[in-house]
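Here is a short briefing on one protein chain. Keep the sequence and the 3D view side by side as you read.

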Amino acid sequence: MIPELLSLDDLPRQNASQVKNKWGEVVRQVRQTGSVAITNHSAVEMVLLDAATYQQLTSDLEAIKAREQSILDDLAGRFDARLAVLQEPGARQRATALFESRGKLARPPKAGASF
């Protein structure tokens with residue numbers, strides 16, 4: 001599983017010049033914290049991750065995509081099954097009869113003590 005990732009505002013920061021001039025220090029910081037925000041004029045432009053975290057993120061993303069596709073496939077199957085019922089012979093007549101009944105019941109409902 002992915003190590004706990006900090007929000008963008010909580011990441012340690014290095015400006016672009018520090019990254020350029022002190023690469024070794026930045027690498028040590030990434031190894032200690034997992035990621036470092038790279039800034040340019042005080043605005044975060046990118047986040048530097050260690051390779052293991054990046055690989056775990058991409059693996060987790062693929063698992064999420066597969067799970068979503070499975071859910072979509074299930075929903076499509078259920079939709080197709082319901083559509084098949086509507087395309088059966090006599091479906092139109094059953095639907096018309098349902099709409100024509102306008103909520104009328106074949107017999108009165110049972111309620112109260114006599115139920």
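The points below go from the whole chain down to single residues.

This is a predicted model. The protein chain has 4 helices and 3 strands. Their order along the sequence is β-α-α-β-β-α-α. The radius of gyration is 30 Å, well over the 13 Å that the globule rule gives for 115 residues, so the chain is more spread out than a compact globule.

**Overall shape and surface**

- The C-alpha trace of the protein chain spans about 85 × 40 × 30 Å along its principal axes.
- Of the 115 residues in the protein chain, 14% are buried.
- The protein chain exposes about 9800 Å², and carbon and sulfur atoms supply 56% of that area.
- Take the contacts in the protein chain with a separation of 6 or more: residues 24 or more positions apart account for 35% of them.
- The protein chain carries 15 positive and 14 negative side chains. The centres of these two sets lie 10 Å apart.

- Which residues are buried in helix α2? They are V26, Q29 and V30, in a helix that covers residues 23-33.
- These three cover an arc of only 100° around the axis, which puts them on the same side of α2.
- What covers the buried residues of α2? The cover includes β1 (13-15), α1 (16-21), β2 and β3 (43-49).
- After α2 comes G34, with a positive phi near 95°.

**Q29, a buried residue of α2**

- Q29 lies in helix α2. Its relative accessibility is 18%, and buried means under 20%, so Q29 counts as buried.
- Leaving out residues up to four places away in sequence, Q29 touches P12, Q14, G34 and V36.

**T39 in strand β2**

- T39 sits in strand β2, which runs over residues 35-40.
- Is T39 buried or exposed? T39 counts as buried, because its relative accessibility is 8%.
- Neighbours within four places in sequence aside, T39 is in contact with R13, Q14, N15, A16, V44 and E45.

**L48 in strand β3**

- L48 is found in strand β3. At 26% relative accessibility, L48 counts as partly exposed; that class lies between the 20% and 50% cut-offs.
- Beyond its neighbours within four places in sequence, L48 is in contact with W23, V26, V30, G34, S35, V36 and I38. V26 and V30 are among the buried residues of α2.

**The loop between β2 and β3**

- Most residues other than glycine have a negative phi. Keep that in mind for the next two residues.
- H41 is in the loop between β2 and β3. H41 is not a glycine, yet its phi is positive, near 55°.
- H41 is exposed, with a relative accessible area of 76%.
- S42 is found in the loop between β2 and β3 too. Phi of S42 is near 70°, again a positive value in a residue other than glycine.
- Is S42 buried or exposed? S42 counts as exposed, at 67% relative accessibility.

Definitions and conventions:
Residues numbered from 1 in each chain as written. Predicted model: local features only at pLDDT ≥ 70, side-chain atom pairs only at ≥ 80, totals over all residues. Heavy atoms only, no water. Helix = DSSP H or I, 4+ residues; strand = E, 2+ residues; numbered from the N terminus. Rg over C-alpha atoms; globule rule 2.2 N^0.38 Å. Buried < 20%, exposed > 50% of the residue type's maximum accessible area, 1.4 Å probe, protein only. Contact = heavy atoms within 4.5 Å. Areas by Shrake-Rupley, 256 points an atom, 1.4 Å probe, with all protein chains shown as cover. Lys, Arg positive; Asp, Glu negative; His and termini not counted. Charge placed at Lys NZ, Arg CZ, Asp CG, Glu CD. Arc of directions from axis to C-beta.
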